[in-house]
Amino acid sequence: MDRIEITPAARFSGEVTPPPDKSISHRAVMFSSIAKGKSVVRNILRAQDTESTMEAFRSLGIEIEDNGDSLVIHGKGLRGLTEASDVIDCRNSGTTIRLLTGILSANPFFSVLTGDSSLRSRPMKRVIKPLSLMGAQIFGREGSRFAPLAIRGGELTPISYAMPIASAQVKSSILLAGLYTEGMTIITEPARSRDHTERMLPAFGADLRSEGLTIAIQGNRELYSQEIAVPGDFSSAAFFMVAAIVIPGSEVLLRNVGINPTRTGLIGVLQKMGADISLMNVQSVSGEPVADISCRWTPELKAADVAGDMVPSLIDEFPILCIAAAKARGTTTIRGAEELRVKESDRIRAMATELAKMGVCIEECPDGLNITGTETLQGTEVYSHGDHRIAMSMAVAGLIARGTTTIHGASAVDISFPRFFPTMRELTA
């Protein structure tokens, strides 16, 4: 499936349980692999990105049993990994390559990490620089700016590091490397990024402390096996949230969705725009807040300004926020989001290009967009740019457009949400 046609939706209603959280699924596999004992991970995401992480750890000597509804991971402790016999292919997964770089930097063997053409164009210097300060030996293309990465693992020393950008992947990579040191590794972020690593590592026994924007981890402490239940993925739920808000007469209930406050900035922005969104049945699951989310059609959305500390908590939701902005009264401005240019695609340029084709007045800025709402979007041919979030966002745009919207490169959704299009069709039936 590399091309799909979307027709306007007369309705968009029902209940959806989004796929399991991708970020938490990655971390559950990684932390279980370097913990001692047998961990059980329930409701793991079945998608290309998380399969990359599982295959990577299998190649490093970890036994992973797949029981259908759960994984049983036979961890070998911090120093139990063994050298892979081949290059480790992370495919399109930035989380896999960046977090694994932190772990492998401290293991006394040679590793090579690569990925697809998109991953090989994403910046790796931001991870390599702090790890090199710890003593890591990592080499990549173009002055160690890009993968493939060659890693000669060895003894590391703790550091105190002020991160120039807020990045959960970079932060997690440093924290994982810090596990292997003799001493305390300290990280200070410029703004708060998602904190799944800080929530999960202590459950495995890590001595990790967090205060404000500073996180510290004590090295040379073994991790021990756990049982983890993965909640629904907020980023996947976001597409259905916005669809329900912009399609007349719609009402959608999203069940068992992770509402970690470092991930749910989109809810705050949509509510600021006037969206009818409410949380129900709030609870804690494996240390993560979870809720059901009710979303209803909102006929009078108004524009909003998004910038500053708001950005990290909705960095993955910007493409779908653009669709809400396209239907809002006034001009929505997005600033301070230059990180979007080095995701799976240049998401600023991709959304500017594709929404302009549909008749949206949209202005591209170096670090964001200006989007003026319009009464009617026009169906046309659009492209995913090989990016799952662009493909899903343009599908929602197609539901509110006049005429048929054809999405080229629609198979990009398989990276995180293989059943996205069938689920969307069920809600429009």
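Modeller: Happy to! Twenty residues, written 20 in the count, line the second largest pocket, and those nearest its centre are V246, P299, K327, T374 and E375. (A pocket is an open set of points on a 1 Å grid over the protein atoms alone, where a 1.4 Å probe fits and protein lies on both sides within 12 Å along at least five of seven lines; lining residues have an atom within 4 Å of a point.) This is a predicted model, in which local features need pLDDT of at least 70 and side-chain atom pairs count only at pLDDT 80 or more, while totals for chains, interfaces and linings use all residues. Residues are numbered from 1 along each chain as its sequence is written, and side-chain values use heavy atoms, leaving out hydrogens and water.

The second largest pocket has a volume of about 360 Å³, the space filled by probe spheres set on the points, which are joined across faces, edges and corners. Its lining has 13 nonpolar, 3 polar and 4 charged residues (Ala, Val, Leu, Ile, Met, Phe, Trp, Tyr, Cys and Pro are nonpolar; Asp, Glu, Lys and Arg charged; the others, Gly among them, polar).

Now for the largest pocket, which holds about 680 Å³ of space. It is lined by 37 residues, with A166, S167, I315, E339 and K343 nearest its centre. By class, that lining has 17 charged, 11 polar and 9 nonpolar residues. At least two lining residues come from each of α1 (22-33), α3 (94-104) and α6 (168-178), helices being DSSP runs of H or I with at least four residues, numbered from the N terminus. The largest share, 4 residues, belongs to α1.
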